[in-house]
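I wrote down each thing as I looked it up.

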Amino acid sequence: MKVDAANTALEVLREIISEQTDQPTSVRMYFAGAACSGPSFGLALDEKKPSDVSCSIEDIEFIMDAQEYEQFGDMLIQDLGGGFRVIPEKLKDMQSGCGSCSGCH
């Protein structure tokens with residue numbers, strides 16, 4: 001598994017992990033549904049499970065269910081200047097042609 005993340009995203013995640021001392025420290029990347037702009041992914045602090053694949057960037061461990069990784073592949077966390085977007089690496093240049101929802105880019 002490979003994760004490519006913007007430095008600003010890593011800084012925000014480090015801050016969240018340091019503030020949530022009662023939570024696990026691995027960052028789970030998970031499929032959260034589909035929208036007009038393609039698959040949607042979320043991030044959550046979670047424990048690593050035997051069925052997970054993982055990747056560490058500096059001091060942050062990213063985890064993902066092996067079946068989801070098999071389906072979607074390597075991941076990218078893009079800085080949108082006011083938020084972040086988690087997408088499969090192979091879809092990094094995809095743009096939506098619709099303008100009917102705020103989730104489209």
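**Elements.** I counted 2 helices and 7 strands in the protein. Helices (H or I, at least four residues) and strands (E, at least two) are DSSP runs, numbered from the N terminus. From that end on, I read the elements as β-α-β-β-β-β-α-β-β.

**Ground rules.** I am working with a predicted model, where local features need pLDDT of at least 70 and side-chain atom pairs count only at pLDDT 80 or more, while totals for chains, interfaces and linings use all residues. Residues are numbered from 1 along each chain as its sequence is written, and side-chain values use heavy atoms, with hydrogens and water left out.

**Overall numbers.** I looked up burial next: 34% of the 105 residues in the protein are buried. Buried means under 20% relative accessible area, exposed means over 50%, and partly exposed is in between (1.4 Å probe, protein chains only). The protein exposes about 6,100 Å², and carbon and sulfur atoms supply 48% of that area. Accessible areas come from the Shrake-Rupley method with a 1.4 Å probe; for residues, only the protein chains shown count as cover. I also checked contacts (heavy atoms within 4.5 Å). Taking those between residues at least 6 apart in sequence, 49% join residues at least 24 apart.

In what order do the 3 strands of the open sheet run? I found 1-6-7, with mixed pairing. Two strands pair if DSSP finds at least two bridges between them. Strand 1 (3–5) and strand 7 (84–88) are the edge strands, each pairing on one side only. On average, neighbouring strands of this sheet are turned by 15° against each other, direction ignored. Axes here are lines fitted to C-alpha atoms, for helices over the stretch in contact, and angles run from 0 to 180 degrees between N-to-C directions. Helix 1 (residues 7–19) packs on the sheet and touches strand 1, strand 6 and strand 7; its direction makes about 110° with that of strand 7.

**Strands 6 and 7.** I followed strand 6 (residues 75–79) into its antiparallel pairing with strand 7, over 5 bridges. Met 75 has Pro 88 in strand 7 as its bridge partner. Strand 7 is mostly covered, as 4 of its 5 residues are buried. The two strands form a hairpin with 4 residues between them, and Gly 81 in the turn has a positive phi of about 65°. Gly 81 counts as exposed, at 69% relative accessibility. I noted that Gly 81 and Thr 8 are 73 residues apart in sequence but 9.4 Å apart in space, C-alpha to C-alpha.

**Another positive phi.** Glu 58 has one too, about 55°, although it is not a glycine. Most residues other than glycine have a negative phi. Glu 58 lies in the loop between strand 4 (52–57) and strand 5 (60–65). Buried or exposed, I asked of Glu 58? It is exposed, with a relative accessible area of 62%.

**A nonpolar spot.** Val 12, Ile 16 and Phe 84 make a nonpolar surface patch of about 220 Å². Val 12 is found in helix 1 and is partly exposed, at 37% relative accessible area.

Notes:
Patch = residues over 30% accessible without salt bridge, like charges linked within 9 Å, V, L, I, M, F, W, Y side chains within 5 Å. Salt bridge = Lys/Arg side-chain N within 4 Å of Asp/Glu carboxyl O.
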